[in-house]
Amino acid sequence: MHFDFSDDELAFRKELKEFLDGELPVYFEFFDLPPEERAERSMAFVQLLSERGWLTPAWPVEYGGSAQAPWQQMILAEEMVAHGEPRTGQYMNVNWIGPAIILAGTPEQKAYHLTRISKGDVLWCQGFSEPDAGSDLAALRTTAVRDGDEYVINGEKIWTSNAGIAEFCFLLARTNAEGRKQDGISIFLVPVATPGIEVGDIESVLHPGAFHHVLFTDVRVPASCRLGPENEGFSIVRTLLANERTGVARYHRAAGYLDRIATWCAERDLLDDSAVIETLASARAACEAARLLVYQVYDEKTRGLDPDVSAWAYRTAAVRAERVVNEAAFTLMGAEGLARHSFADSQFEWAVTAGVAGGSYEMQLNSLARVLLGSKG
Ligand SMILES: Cc1cc2nc3c(=O)[nH]c(=O)nc-3n(C[C@H](O)[C@H](O)[C@H](O)COP(=O)(O)OP(=O)(O)OC[C@H]3O[C@@H](n4cnc5c(N)ncnc54)[C@H](O)[C@@H]3O)c2cc1C
């Protein structure tokens, strides 16, 4: 495998970094802002990206992209997250809600939603998890019952990021209770302001407004809100989950934090201590392992292959990198690492959720074992 970037890609990374350095403060305390202000600043920022063609570069031209190879999207993912990822729900829009609509949308859905996503003027949330359906997503119980030209939706979603500020929800609901549970699920593109939808906050270790529960009580939506054929939502989502698993370049941000931790150690003359060097080096190796694996995923995508297995391997390596950098921060910085906004504190927030968001660490291991080792678990 050969992973050198081309001159064009290197020039793109340089230009992007200069733009981000100019547009965003060095330490962008984005997630401390109240949710509404965060949404406003995020929207203003992504519109600047859109004007430069940097929001959806890998999308086809007819849907607001510039048909760039996935590498450009990967460079964007790395540099954005290293600068604080100030796009809130946009990474979800760009990496897989948009691609799902490209894959399965009607001409009207494509014209309306893809135009808005590629211009950066809409926020979405993802209504998948339920109180009894997380890792076992297909067990979801929210129902959508057809009534003439409408569906009537009832149920409860949980851990929904951005629901408090989103305009649309990419919702999974059960349209058939018979047969295999995976075969009775459909996708709906639902305006969050629809009567009968109630959004509540859930307090968490993350920033305020990070999580919500969303209640649906007799919510009526036109049948035209359904994405793709009835009962085929799960397979559409499954083909796109590899994008979710690789959408956030966590290893790149973790490596940046590790640089800061190493600088902190250097300033205290700790780099002569072999135990310190070993801790830093092991954490660096974990970040680089994740980086190489995600490059493999992008390489496979570029060559039109299905990156499913590599994406699982990458995800587990990325979670490990987050955790190892977190441990390094606390081990080396001690009590100083507990101070709010210290490197260790910021890294802790990421590391503690890394193995859960977008499918848990253990479930990725299960998938790898099933495919590579033939395990039935
Ligand atoms: C930062 C963050 C953002 C999120 N955003 C959203 C969002 O926008 N929309 C949304 O729908 N959801 C969201 N989620 C929820 C996330 O998708 C779920 O938390 C995740 O799928 C796990 O489900 P659960 O919480 O129900 O845990 P469970 O499925 O109950 O799992 C609990 C523990 O048991 C383990 N476990 C479960 N089954 C197995 C098994 N078969 N083998 C081995 N171990 C197992 C899991 O690995 C985990 O450690 C988010 C979560 C986080 C942390």
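Student: How many residues surround the ligand, and which are the closest?

Tutor: A residue is near a molecule if one of its heavy atoms lies within 4 Å of it. Here 17 residues surround the ligand, and the closest are Q126, S129, S135, S360 and E362. Please note that this is a predicted model, in which local features need pLDDT of at least 70 and side-chain atom pairs count only at pLDDT 80 or more, while totals for chains, interfaces and linings use all residues. Residues are numbered from 1 along each chain as its sequence is written, and side-chain values use heavy atoms, with hydrogens and water left out.

Student: Which polar side-chain atom lies 2.6 Å from an oxygen atom of the ligand?

Tutor: A polar contact is a pair of N or O atoms within 3.5 Å. The atom in question belongs to E362. An N or O atom in the side chain of S360 is 2.5 Å from an oxygen atom of the ligand, and a polar backbone atom of W159 is 3.2 Å from a ligand nitrogen. On its own the ligand has 980 Å² of accessible area, of which the protein covers 65%; such areas come from the Shrake-Rupley method with a 1.4 Å probe.

Student: How many cavities of 30 Å³ or more does a search of the whole structure find?

Tutor: Rolling a probe the size of a water molecule over the atoms shows where empty space is left. On a 1 Å grid over the protein atoms alone, a cavity is a set of points where a 1.4 Å probe fits but cannot get out, and a pocket is an open set with protein on both sides within 12 Å along at least five of seven lines; lining residues have an atom within 4 Å of a point. The search finds 2 cavities of that kind. The second largest cavity has a volume of about 30 Å³, and its lining includes C125, A163 and F216.

Student: What is the volume of the second largest pocket?

Tutor: A volume is the space filled by probe spheres set on the grid points, which are joined across faces, edges and corners. For the second largest pocket the value is about 610 Å³. This pocket is lined by 24 residues, with N95, P99, L240, N243 and K301 nearest its centre.

Technical notes. Polar contact = N/O pair within 3.5 Å; in protein donor to acceptor, adjacent residues only side chain to side chain.
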